[in-house]
Amino acid sequence: MKSKMSSTLRVLCFCASLTEGYTLQENGQFHPYSIRLRALLEEHCKPDPVVVDTAGVSGEKVVPTMTERLDKLLKQSSKPYDWVCILGGTNDLGMGASAEKLLSHLLGLHDRAKQVAGCLT
């Protein structure tokens with residue numbers, strides 16, 4: 001689903017190290033899943049253009065900082081996103097966060113993406 005004003009599909013991949021593309025490779029290179037997502041979307045959406053932005057921060061937890069960062073990214077974007085892919089919570093769980101609290105905050109991120117930018121998640 002593309003925005004009504006543009007033929008370009010715009011996607012934001014958002015969260016922490018898995019989104020940023022952290023791997024355990026010795027060379028320290030990151031390989032975000034957004035690379036493959038963009039290739040698949042480009043193939044599916046031909047001939048329309050596709051933009052996939054990656055906004056992952058290694059080590060960040062959903063609770064308490066991601067809501068503010070998501071708001072800022074959505075509000076500062078020069079063009080609205082059609083979709084936001086949210087992949088988060090592994091750092092929180094690894095640090096002992098309760099599943100109930102984490103789920104509540106993840107659902108809050110989805111709600112914020114819809115409220116702030118009107119995009120799908």
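**Salt bridges in a predicted model**

Arg69 and Glu60 pair through their side chains in a salt bridge, with an N to O distance of 2.6 Å. The model is predicted. Across the whole structure, a search finds four salt bridges; among them are the Arg69 pair, a pair between Asp71 and Arg112, and a pair between Lys46 and Glu43. Side chains of opposite charge can pair when their charged atoms come close.

**Arg69 and Glu60**
- Arg69 counts as buried because its relative accessibility is 18%, and the cut-off for buried is under 20%.
- Glu60 has a relative accessibility of 11%, so Glu60 also counts as buried.

**Asp71 and Arg112**
- Asp71 and Arg112 form a salt bridge in which the closest N and O atoms lie 2.9 Å apart.
- This pair links distant parts of the chain, since the two residues are 41 residues apart.
- Asp71 belongs to helix H3 (residues 62–76), while Arg112 belongs to helix H5 (residues 99–117).
- Asp71 has a relative accessible area of 14% and is therefore buried.
- Arg112 is partly exposed, because its relative accessible area is 24%, which falls between the limits of 20% and 50%.

**Lys46 and Glu43**
- The side chains of Lys46 and Glu43 meet in a salt bridge at 3.3 Å, N to O.
- Lys46 and Glu43 are both exposed.

Methods: Residues numbered from 1 in each chain as written. Predicted model: local features only at pLDDT ≥ 70, side-chain atom pairs only at ≥ 80, totals over all residues. Heavy atoms only, no water. Buried < 20%, exposed > 50% of the residue type's maximum accessible area, 1.4 Å probe, protein only. Helix = DSSP H or I, 4+ residues; strand = E, 2+ residues; numbered from the N terminus.
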